[in-house]
Structures are given as structure tokens and as C-alpha cells.
Amino acid sequence: MDATQSLRYFGPELVLTAAIMAVLALDLGLTARGIERSRWPGIVALAGAAAAIGSAVRLLRVPAREWLFGRMLVFDGFSVYFKVLLGLALLAAVWMSLGSREVRGQPNEGEYFTLLLSSGLAMLLMAAAANLLMAYLSLEFASLTSYVLTGFLRHNRRSAEAALKYLIYGGVASGAMIYGMSWIFGLTGSMDYAGIAAGIAQLDDPSRGAFFLALVLVLAGFGYKVASVPFHMWAPDVYTGAPIPVTAFLAVGSKAAGFAMLLRFFHFGVGAAGPVGAVTRVPLLQLGTLLCAATMTLGNLAALSQQNMKRLLAYSSIAHAGYALLGFVVFADAGVQAVLFYLTVYYIMNLGAFWVVMLIANATGHEDLPSYRGLAWRGGALPALALAIFLFSLAGLPPLAGFVGKFYVFGAGVERGLIALVVVGVLNSVVSLYYYVRVVKTMFLDEPRAEDAPVHFALNDLAAVGLLSAATLVLGIRFDWLLARVETARRIFAG
Amino acid sequence: MPPGAPLTWYLGLSAVVFAIGTVGVLVRRNIIVIFMAIELMLNAVNLTFVAFARSLGSMDGQVIVFFVMTVAAAEAAVGLAIILALFRNRETTNADELVTLRWIVLLPAAGVFFHVFLGRRAIAAVKVVGPGLVGAAFAVAVVAAFRLRALPEGGILRDHVYTWIAAGPFRADAVLRLDALSAVMALVVTGVGFLIHVYSVGYMSGDRGFARYFAYLNLFTTAMLILVLADNLVLLFVGWEGVGLCSYLLIGFWYEKPENAAAGKKAFLVNRIGDAGFLLGLFVLVWTLGRHGFWTLDVAEIERHLDVLRTATIGGWPVPVVVGLLLFMGATGKSAQLPLYVWLPDAMAGPTPVSALIHAATMVTAGVYMIARLHALYALAPAALTVVAVVGAATALFAAVIATAQTDIKRVLAYSTVSQLGYMFLGLGVGATGAAVFHLVTHAFFKALLFLGAGSVIHGLGGEQDMQRMGGLRERMPVTFWTMAAAGLAIAGVPPLAGFFSKDEIVSSAFREMPVLGVVGLVAAALTAYYTGRLLCLTFLGRSRLSHEAEHHVHESPPVMTLPLAILAVGAVAGGFLPVPALLGHRGEAGAPLALMALATGLAVGGLWLAYQLHVVHPAVPAQVAARLGGFYQLVRDKFRVDELYDAVVIRPLFAAADVAARGIDPKLIDGTVNGTGMLVAATSGVWRRLQTGNVQHYALFFLLGALALLGYYVGR
């Protein structure tokens, strides 16, 4: 499809681009008039994100599956589903930023929201990229904006240090990935995923070894984006150093976009050529199993001893990447479906947890566990209750959304016969219960001490948290509609 | 590109470039170079793309090159911006505290390295660098003090150098802290220390160990500054031990003479006894706080958790009293109080400027400073404070009595120091912390001056120290005489010189709290005036009793020595007008009653007059008095024979026990255990290592190792 026709399927991206321009222009105008602080950039950004979601939701009903822009992007149910999810993540991040003391105190808020929206736009492109060039560019676009967002707290050394580490690590990871991509291009003679799938079939034996090397490098690059072991090491530092809304956005949005790329490339680029192992003799299944088990285990074990809530949630999010990888390892439509479902649930509960952490950081100025002591008994009953719901859901306890998510992922694994991996996953859930419950215990069972000041929360600050905790509860019971959505979204356009 | 070169040629080249880039990322230390290495990796990618594109006849590969280059440029730009932000951060937000405080300590420390490694070859440079660095530290301290003054009252400058210990719940950071108290101390240590360094250049000229001497002196200053600026007691202890070590090194500086080495050893050992108490006190403190969940020894944290300490007990004893007494035990060692004062008089064995440094600016004030620092803790333990006051008063009197009968000029001054420190502890004990620190400051001026003046006399007489063989030096050493006279009047407490104000505040506070101790203080003050007057009269007035060779040798010291004397004299005269107590926020203590001031002045003048009568007008009388006193005079002259007592009661039994330990217990039990443990650790070490190091290059290495492991898994399958 040529460029003008493609625009019809490009609504969310266009809306976001317009919103970016609007925030930029608004910021220029405000600066010219010497206005330092204003709510307007944030409000415009919020409206832009909402409009993008609206546009994406409208596209959900379009059944077409097309190449866009000369085989650079694709339009299919899979990408639209991710666009809605990423749009929601962006919306939440903007909303969080509006209420975050960390962000609101900074100069150049307009710049911040511009970068946040740009990062969101890049992630939408990642979800739809079906060409090595587009994949690389959108991934780098998202990374570059994330680096700057991470280092946004200019007067905070931790923030700048995290940004620098993120940048160096990201530079090396994407360098390795693009090197692998260059070999894939050379071996298959094609840049778009359909061409690559066709090219793989014609590989001769020695080329297959080289192809595997390239594949490992690409997998490492994607692994960095979803923060899977052993490519996760940037995550704890970056999550701890970045402002909380950015951390939440990275943990939810960046991870989802990374999974979109991972699934599309391996299932429908490399995998579309036929049963994976048979054609390429690439042991993707074993590789994936290894990564998945290591990610779950290491993330949970490292989270056990954390005292800083952001760092604890960082390791927890690594562990959750592991659970989602289990769906990836299944290498079938059922697996894709489970991953989509899991990422959605993960979006709700993880975002909620970060949101409460931000509210408490706003109120107390601290992010470490001791400052949560007796939170429920000194004015923070509602946020404490919400956080307890999110954490129990993250641990995967039954009546909550997290349980359903894990159920589908593990179910897909059992169906595929990956019993050992599922056992590892279940054991990990048990381990994770320990550190989640520890936080709940600190909030409810520990007595507040004399030096723990009472905290106050405005009700409208709690609105979003209330919404998310309600969603966590409801999705634990009524999830059939989401399953139906996922069912239609899982079919990926293969050219 | 040669047109006919095969594809593999390019691929090989690009692989090599990529590998070089990877290695660069992993091993280079400079962040800019790391970025260049990443660019190198991306260029290798470009090369592969172009090579493949040419061999495939496809344009796609060449298009992507442009994008990769653009991304690379963007990455570099963002990276540089973040680096800039990092650096700007370092200069704006924390810079004030960050830069200044640590330099106060680092400058003298740099001097140590200079003297050790370069000193012997560049004596001339040592002469400049040694005092210069301490002077620079003084300048930094002055700047920091001004910055502190700009803060609201009770403000603190902090400089977090690094996290030093993080063991489980316990955390000790190497944090330097400047508040009013530590600012006063830092200024005294660097200021008076600087003058002593300058003086030393003259005094030590020509000594074989010139560079070594300055290395020790700088190290001494560094340790004392760490002690003073430490934000937590663990770091304070480092400085505490550091000054102990340096005093050992400096007292035994001329180690060729066995009695000097013995004096150094004695100072070290006696200090160890005190330090054992100090350490025990720290353990009790950290254990008590830790039991309540506060694993810290930060001074500020301790003050925040006083409630916990107030009610805590250990073995039925209230913790504040136990901790207070144990820490005070450390203070009696370091600050030469009864019963651990015995090392200080012997410490005269070192070069005279060292005596000045130990007695005036550093070391001995450590105990006073420590208790002043923890006055909030001591306020919880009135019993411990009473002990401090009584010991202080007793020491003040005891040492003053001994000083009246000594004939060695430095020994008189040594006992005078012990006595004056007793005053400071008396002040601390009766709750007059501000007055005690005030006396510490004024004492630093006049005692440094007295020691340096004595050094000047000894230098001028070619090594003579016995006052019975001096006399009549006023005309021959005028600068030394007048400056020492000023210091003498100041220590005697003649208004309006420095000693008058600070001593009066202590004595009047003592009268308010414990009148008996106030009387003791007054008696000691009269004795102080007498022995100071005696020292001045015997040395400078009356007729000359010089030996024949000293008569030839006598001369005024060079300007490098007399100039510090003159500057210190200004401090000794005018130091009483420094607003030290007000600076420390203890305004209420000022203003002794007029009657007391008159009485003290009368005693001071009377003591001096008596000394003049006895030693200049009627020089025959003292001998008659001594004869009349008989045995008691002998006892005083022999310093109450305390050293002999300690020798019989402590030292001999200890040696006997040590013998047993050395022959029996050590080789079998201890060595066996240690070696066994060592083997065990060696066997298991390297198994457990922390992965999340915080170093991004380790992360990158881990990333690549991960990729390699995946590959290896495939290959070795």
C-alpha cells in the first residue's frame, strides 16, 4: 500500500504527532511569555494520549491486514491491540506525571511531556514494525527518548547516573542487535519480515550457523528491551534513578513494546517459514526456555532483599517478563494469546503499584520500605489497601487479575508440554509471595513509630488508583470479554 | 575498497572492527572513549550492510547505513548531554559542601604522600609544601566557616565522600560535617597547626629526617581533621587512632635514643588502654541502638534517638552512664587525665614543635572535643558528668602541684597542659560546654606559644632544658621573652588576656554547680600563676646561670621561628575576645560574678608576685622552703612517683602474663584457628560474588557473556 492510502490506518500515530507538535508549540509560547510553570502542556498531552487511544479503538473494528508505507509497517489486529495498550500506558504516565511532585517541580515541563509523547509514538511504531530498518529505528527512537526521560531530574545525581548507564548499556545492546540484523539482511537478502521468512528456506548449511549467530544477537537486543535475564542489568539502576512516572512507563510501556517486537519477529519473521526448529535447526525452544527460567528465578530472588520500593518493583518486573516469556516459548497462537492477556493484566496491576509508590513518595519524600511502616494506621489506609490489592495480584493470588493472567500463561505452557518450565514458574510465584507480602505486612501489621509522620492523601489523587484496583478486582472475575479481544488480536499478519 | 575484493574480506574486516569496539566498551575507563567504541561498533555494522548490499545488488542495505549513522549521532549527542548534566550537577547542587570539606582533609593528606615519595630528594620543596598545604587547608576551612555562617543558626555543612561500611543493617558513611563546634576545632587545628609547621621549618632545619618529620606532621594534622570533621563515631575513631599512631611516631622521632623510643611506646600503650574503653563504649552504644532497630553511630542519629538511650539499661546500669564513662575512659587516655596522664610528660622526648602540636592544637584536645560533641548524650547521664568534673578538677590541681617543683622547662609546660585540660573537663562536667571549648581555643594559642617559646630558648642555648642553668635571657632573646611573657600572663589568668575569660567562665560555672570544685579550680589557678611566673623568672630574669658553652652559643632565633611566636602572641593577648561560646550557642554561661573575677585576678597577680619574690628578689629562699618541706617536696619533685607505682602494679604482672601467652597460647590455639579459617575462606572465596556491581561496564560484559553463553549452548549441545 502506498503512503497516502496507508494514512487511513495510521490514525493513532498521526494524532500523537499532532499532540507532540501542539505541546511543543505551547511550550514555545509559554517560554516566550516568560511563564515558567503551567498545567497546560500536561493537559494537552493528556488529551493527545486520550485521542490516540480513541483512534486506536476505532481501528479495532477494522478487519483489514495490510502492509503500510512500502512494506515498512503492517496493520493487523495484533498491532492495534498493542497500540491501545501502549496508548493506555502513555495516558497513565501523563496522568501520573501531572500528580508527581518529582516531575512538577522541574523546569521545562513542556519538554518533558514532548519527550514522553515521543516515546509513546516510538512504541506504537515498534508494535507495527515489520521491517528490520523500521524495527531498529523505532527501537532506537524509543530508547533515545527514554534515556533523556530517565535523566530528567537534572539536580539528582542518581537520575543522571541512571541515564548514563542506560545509554551505554542501550548503545551496546542495540549495536549488537543491528550487527545481527546486518547479517540477517546479508543472508536472506531482505529487510522485511516476510522476505526474511522466504529467505530462510533457501539457506544452505554453513549459512545456517551464521544465521543463528545473528539471531542470538537480535534476541539479545530484544531481551534488553523487555529486561530479560541476562540482558536485564540496566533495569534496577534505571528504574530506581528515573522519576516514578517514567519508571512506570518504562516498566509497562517499554516492556510491552519490546514483547510486540519479539513476538512479531520470532513468530512471523523467522517462525513463519515453517515449524521453527525444522527449517533453521535453530533451537529457539531451548533458548527461550533457558531465558524464561533464568529471568523468572533471578528476578524473584533478587527482589527478596530489596529495601527500596522502586528497586523491588524493578526486580519484580524482571520476574514478570519471565512469566510473559513463558507464553513466548510456547511458540503458538495460544502462547501469543496468553502473552497479550498477561501483558494487559500486568499493565493494570504494575501501574497501580507504581502509582501508589508515587503517591507515598509525594507524601513522605521516601521510597524505602521503612517509610511504609504502619502506613494504614497513619492516614494512608486507602492507598495501603490499593497497594495490597496490586501486590497480591502481582503475586498471583486467586480472585485477582494476576491469577487469571498467570493461569493462562501456565495453561498454555502445560498444553505445549513444558511441564518443567511451568513448575519453575509456580515455584517462583511462591517465592515472590514472600516479598510482596512483606510490604503488605509492613503497611498493616507494623506499628508506626513516633518518627513516622502522619500522611494525607487528597481524594482526587486516589482516583486513578481506585480505578486500577477496581479493574484488578473485576478482571479477576469477569475476564471473558478480554479473552475475546485477545482472540481476535492474536492473528498476526504474515505478508 | 578494491573493486574485486571478495565479500568475506569485508565481513572479516567488519567483524574485527566490531570486536575492537566491544573490547573498547568493556575496558576503557573514560566515558567519552566508551562512546567512541560504541560508534566503532556501529561503523562495523555499516560496513557489513554496505558489503552485503553490494553483493546482493540491493539498495536497502545502503539506505539503512544512513539511518544507523543518524542514530549513532543522536546517541552520542544525548550521551554528551547527560554527561554534561552529571558534571553540572556536581558543580551546582552539592558543590558547596562537596568540594570544600573534603579538601580540608585531603590537602594535608596529599602532603604526606609528597613527603614520603618525593621529600628526600627535594628538601627545599618540603619546606614550602609541608606548611603550605596546611595553610591551604586553613584557607579552605575559613571559606567553609564563612559559608556555615551564612546558614541559619544550627546549620550544618555535610560532605558525603562515600559509603564506607554497609554491613547488613549497619551503615557508616565517610561523611564530613561542619557545624559550629567542628568549625572552631578545624580552624584551631589548621590555624595553629600551620604556625607550628612554619616554625618547624626553622627548628628542624638540617635534621636528617626532615622529610619524614613533615610527613608525620602532615599525617598528624590529617588524622586530627578527620577526627574533628567526622560525622559519625566510627570515622571519629579512625581519626582518634590516627592521632595516637602519629604521636607514637613523632614522640619517638629521634628513635636512635632509646629513651625517646620508650616514651613513644609509652604514649601509644597508655592510649591503647583508654582506647579499649572508648571502643567498648562504642559497642555498647551501637548494640543498644541496634536493639531498637537503629544501626547507626551518626552523631545526628544518636541525638535523634536519645529517647531510646534514656531508658535503656545494660546489666542493670543505665546505658548513658555506662557509655559516658567508657567513652570518658578513652578521653582520659587521649587527653591525659588522671589516672592515664603519665604519657604526656614523657612525650617531651620528641622535637619541641611536636610537643606544641600535641599539647596545643591536636591530640590532647580530642577527648575534650569528643565529649563536647556528645554533650547531648552526656546530658542524659549526670552521674557520668560528675565523674568527668571531679576527675577534671583533681587533675587540674594534681598536675599544677607537680609543675611547681619541676626544673625542666618543657616538663613544667607538660604538667601545665595536663592541668589546663583538667580545667576543660571540669567545664564539661559542670555543663559549661561552650566555656570548655572556649578554654580549648585560648589554650591552643598560649600553650602553643609557650612551647614554641621554650623551643626557641632551647634552640638558642644549644639544647639546654634545665631552668637552673638559664636566667637573664631577657636582653638576649627579646622577641622570645616578650611573646612568652604574654603567653604566661594569659595562662596565669591576668585580665584582659585570653586565659582570664575562658578560665573564669569555667570556674564560675563550677561554683554554680559544685562549689567545692570551684574552690579547687581557684587554688589550681593560683598555682598556675605561680609556676608560670617561676618559669618566666628562672628563664629570663635574674642573673645568668648559663654554662660556659651556652654563654657562647646564645642567640635570638631566626624570623621563621619568631614570626609564628608573634602571631600566636596576638592570639594569646586578644583571643579572649573571640565570641566562641556565643558561636556555639551557649550564651547563658557568660558573665562571671564581679567578686569572683576580682578574686581570680588577685590570685593570678599574687601567684606571679610570689614567683618574682622567690626566684628573682630572694633567690635563696626556695631552697630553704624545700628543705623545710622535706619529704613532701621530694615527692612532688618526683611527680608523686606515679610511674613507679604503675610499673609495680600493672606493667610487671602484665609482662609475666604476656610471657605465658606468647609461649603457650598463641602458637597452638590462635595460629591454628587462624590458619584453618584462612584455608576455609580461600577455598570458598570467589564462589559468592555480587553481580549487580553498579558498574555499567560489568553490565555490558554480562550482556555479551549472556549472548556468548546462548551461542555456546547451541554449539556444545
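**Close-up views of a predicted two-chain model**

**View 1. The largest cavity of the predicted model.** About 90 Å³ of space lies in the largest cavity. A search of the whole structure finds five cavities of 30 Å³ or more. Residues lining the largest cavity include B:Phe500, B:Lys503, B:Asp504 and B:Val507, together with B:Leu522, B:Ala525, B:Leu603 and B:Ala604. B:Ala492, B:Gly493, B:Gly499 and B:Ala600 also belong to the lining.

**View 2. Helices of chain B around the largest cavity.** Three helices of chain B each supply at least two residues of the lining: α21 (498-513), α22 (515-540) and α26 (594-617). Which helix gives the largest share of the lining? The answer is α21(B), with five residues. Sorted by class, the lining has eight nonpolar, two polar and two charged residues.

**View 3. The interface between chain B and chain A.** On the chain B side, 54 residues are in contact with 57 residues of chain A. The size of an interface is often given as the accessible area lost when the parts come together. Here the area buried between the two chains is about 5100 Å², and carbon and sulfur atoms give 80% of that area. How many salt bridges are counted between chain B and chain A? The count is zero. One residue pair is in polar contact between the chains, with both residues at pLDDT 80 or more.

**View 4. The side of chain B that touches chain A.** Helices α1 (7-27), α2 (31-56), α3 (60-92) and α30 (696-715) of chain B each supply at least two residues of this side. The largest share, 17 residues, comes from α3(B). By class, the side of chain B that touches chain A has 37 nonpolar residues, 13 polar residues and four charged residues.

**View 5. A salt bridge within chain A.** Side chains of opposite charge can pair when their charged atoms come close. Over all chains, the structure holds 17 salt bridges. One of the pairs is A:Arg71 with A:Asp192, whose closest N and O atoms are 2.9 Å apart. This pair links distant parts of the chain, its two residues being 121 residues apart. A:Arg71 is in the loop between β1 (66-68) and β2 (73-75) of chain A, whereas A:Asp192 is in the loop between α8 (157-188) and α9 (193-201) of chain A.

Key
Residues numbered from 1 in each chain as written. Chains lettered and ligands numbered in written order. Predicted model: local features only at pLDDT ≥ 70, side-chain atom pairs only at ≥ 80, totals over all residues. Heavy atoms only, no water. Contact = heavy atoms within 4.5 Å. Buried area = accessible area lost by both parts, 1.4 Å probe. Salt bridge = Lys/Arg side-chain N within 4 Å of Asp/Glu carboxyl O. Polar contact = N/O pair within 3.5 Å; in protein donor to acceptor, adjacent residues only side chain to side chain. Helix = DSSP H or I, 4+ residues; strand = E, 2+ residues; numbered from the N terminus. Nonpolar A, V, L, I, M, F, W, Y, C, P; charged D, E, K, R; others polar. 1 Å grid on protein atoms, 1.4 Å probe; cavity = no way out; pocket = protein on both sides within 12 Å on 5 of 7 lines; lining within 4 Å. Points joined across faces, edges and corners; volume = space filled by probe spheres on them.
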